Amino acid sequence: MRSGAGLLLFISILSTLRVASGLGSSCDAPLGSGIASPEEPYWLETIGHWHQGTSPFHPNPSSYQVFRNVKDYGAKGDGIHDDTAAINSAMSHGTRCGGGRWCDSSTVSPAIVYFPPGTYLVSSPIETYYYTQLIGDPKNLPILRASQGFEGIAVIDADPYIPGGWGAQWFTNQNNFFRSVRNLVIELRDIPPGRKATGLHWQVAQATSLVNVVVEMSTASGTNHRGIFMENGSGGFMGDIIFNGGKTGIHVGNQQFTVRNLTVNNAQVAVSGIWNWGFTFQGVTINDCQVGFDLNVGGNTVTSQGVGSEAIIDADVTNTPVFVQSSVASSGTLPYSLVLNNIKLTNVRTAVGVADGVTILAGGTRTIVSWGQGHVYSGTGGQKTWVQDNIVAANKPSMLLDRAGRIFGKTHPQYVDYAPSQFVSVKSKGAKGDGRTDDTIALQHVFDQYAGCKIFFFDAGVYYVTDTITIPAGTQIVGEAWPVILGGGEKFQSEANPRVVVRAGTAGSKGVLEISDIVFATVGPAPGAIVLEWNVHDPDNRQGATGLWDTHISTNKAHLAAGTNMQEARCPPGSVDTDCQAAFLGIHLTSGSSAYFEGTWVWTADHDLDAATGSPQTSIFTGRGILSESAGPVWLIGTSEHAALYQYNLVNAKNHYIGFVQTETPYYQPVPAAPAPYRSSSAYHDPVFGGTPDVDTAWGMYVQSSYDIIVFGAGFYSFFQDYRQTCLDTHTCQAHLFNVDSASSVTVYSVSTLGSTYQLSVEERGVVQESDNRDGFQSTLTAWSLYPEEVSGEAEDEPLGPERVEEQVVLDLGFVWRTLVGVWGFLTCSG
């Protein structure tokens, strides 16, 4: 035992020394650019055929195959032969979760269904199973071509309806987690224009994504083609997607979603909104459509719910007569909340209107800086003002913007130009990934050897670690079908002395650090586990170089290791068992870090994903969700749910863009009341509970002494009291959800809440009452800022481009001085 501990200490010391040099011990030179020739297959096709990925807790682990190339299952990809059966065979092979039979959800049958370049003719839907990634070759996008006689709801169906099932589907829409579609073209133009045809039926929940997908549809008059149909769910993220032609680009209804970099060309309607509690659209391009956003609104009851909140930032709209159109007029009430920020119109007759032709906001060729419809607030008085007018324009620090002045975004890294020789498989270098063997030393060793000169490929599996793993700056990691790094053991047992499971960079480090398609989890009990500590900062003149994409924190990986004891049998709803304490903290962004997190889900399980039948509820406890002390830049697109103290805690944070943020309060609270079964820790800047009588449940978001924080779309939800939902009828499941202290500079837009008496509080005193903003099942406030003077028509900061880096370095000291002077002025004026 002592020799093992000594070896770990020795490796840790070596790791620190090597991080300082920037390269691993086996590196001769930095990674550099990709060396794959244009003719070579995408690297994943080659590495996937190594077949080292496993699912150790599958019923047949030795024979189960994770990576599936559709051509290995008989698909031709020649555009002539019908490949439907072959593709669905690749999807369903082995014991998998799907088919509408025995399985509502499962984490033990992961799969990548891979499409080499080609044209794949399909005559009925590709029906996707749970925990599946459909990935095409990004170097030469494969085409899924619907036949002229195609029959079915969509070419790709994420939640099939069961024939004769009276509306029943394979999966529960709110629990339809873990699926992704990437790098595909869906071709509908062989289907006659008058027939209904859909690219994707995408009824999904968290931990899901669409990336780099194109749908081609008929542009004929009277076309009935649509790109996406989504009627329900609890998402979710999609980005870098293009829709050409059709009646509708995307036809969507879901609790919440973030859509980034959406392009729609030549459709009758770009976006058709069925219903929601809140959608954020970031980066929208609409060309030559009749209507940009056509929104079904005005349903102010649960049964008639329409679009509740639409927040659109950074849009270019060209040659489209109407940008936003609602089904009914407002008449001074709240049929829906709308926020428009940095919208560039070119030849647009009506910016905001009603289906009957009434114009609310005229169009033209101009830029809308910041405009809203709904109730807006400022300060602490709680007085609402109904507006259809200019609203508060948040300060946007230049570090959050791209060169065009838009909120920065970065697509999911796929390393398109890299060759297999530029990757290293962690299993090829000694890690087992069997969920039982301690892989701590093996993983640390491979990082220390190859950081900075290889891209790390985590073959599918479960990598059990018993001590901190440090990932050096300069590291790029790709997972195969969401492999799991699973922390457990004695070192994560002390709540009083929490310990990091995975450390991303060391304090003060700079460099690239990209992690995609990984799950970080714990074996319970682990009350002292900080699952992910994020220290690394972008290198100079590089935005978004450090981040997570489709990477998640989950604290109920029930089947991932023997003896976890965190399924429903051990942690039934209503129980309080210390063995069911899963983690101290999900993610900690330290003060020197920067981060770009896209589609990240930090989830303390409220139900068992791997139960034999159904999805029974559980009582599993995590102390905290996401703690950010970062000075930025930080971009957060994701969710955090069911932690005991808070889901998001921003402390001395700066320069954050957050949207869409979604949280849920633990279902068991207030039995026990927060912070139980944990204790508040001043070292981690925890909120204090018990001082205010009506603060006994977890905060959705808690902001302390933080500046230039933009929340662009949020859903803070509280559905239960002690697993009962009668409180929803009176909106009293908890009193407060979202708190900002009086020292912070925060601007919020499109905040929807459920079950909370107050939508927003300052210094833990309720300011915005949900009863003022009922908008269907949820309540929605359109905008709030603490200081009215933040409303401004002044020009925004110039975006930071490469040509301004030297200038920025010079200005940094000036910024520090101005900040100190400003703080001193604030303190003296507030005395």
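A nonpolar core is a set of buried Ala, Val, Leu, Ile, Met, Phe, Trp, Tyr and Cys residues joined through side-chain atoms within 4.5 Å. In this predicted model, the largest such core has 130 residues. Trp-202 and Phe-323 have the most contacts inside it. Strand β15, residues 269-287, contributes the most to this core, with eight residues. A second core of 69 residues is separate. Its members include Tyr-463, Val-602, Ile-626 and Met-701.

Residues up to four places away in sequence were not counted. Strand β19 spans residues 337-354.

Strand β31 comprises residues 519-522, and its four residues are buried. Val-519 and Ala-521 point one way from the strand. Phe-520 and Thr-522 point the other way. Strand β31 pairs with β28, residues 484-487, through four bridges. The two strands run parallel. Within this pairing, Gly-487 stands opposite Thr-522. Three bridges join β31 to β34, residues 552-554. This pair is parallel too. Here Ile-553 in β34 is the bridge partner of Phe-520.

Backbone geometry was considered next. Most residues other than glycine have a negative phi, and most peptide bonds are trans. Two cis bonds are described here. A cis peptide bond joins Gly-524 and Pro-525, with omega about -5 degrees. Pro-525 lies in the loop between β31 and β32, the latter covering 529-534. The bond from Gly-659 to Phe-660 is also cis, with omega near -10 degrees. Phe-660 belongs to strand β40, residues 654-664.

Asn-319 has a phi near 50 degrees. Asn-319 counts as partly exposed because its relative accessibility is 35%, between the limits of 20% and 50%. At Asn-347, phi is positive at about 55 degrees. Asn-347 is found in strand β19.

The structure holds four disulfides. With bonded cysteines counted along the chain, their pattern is 1-4, 2-3, 5-6, 7-8. Cys-97 is joined to Cys-103, with an S to S distance of 1.9 Å. The torsion about this S-S bond is about -100 degrees, so the disulfide is left-handed. Cys-97 has a relative accessible area of 0% and is therefore buried. Cys-103 is buried as well, at 6%. Another disulfide links Cys-571 and Cys-580, their sulfur atoms 1.9 Å apart. Its torsion is about -90 degrees, so this bond is left-handed. Both Cys-571 and Cys-580 are buried. Cys-727 and Cys-733 are joined at an S to S distance of 2.0 Å. The S-S torsion of this pair is about 85 degrees, so the disulfide is right-handed. Cys-727 and Cys-733 are buried. Cys-289 is likewise buried, because its relative accessibility is 0%.

Definitions and conventions: Residues numbered from 1 in each chain as written. Predicted model: local features only at pLDDT ≥ 70, side-chain atom pairs only at ≥ 80, totals over all residues. Heavy atoms only, no water. Buried < 20%, exposed > 50% of the residue type's maximum accessible area, 1.4 Å probe, protein only. Pairing = 2+ DSSP bridges. Contact = heavy atoms within 4.5 Å. Disulfide = S-S within 2.5 Å.
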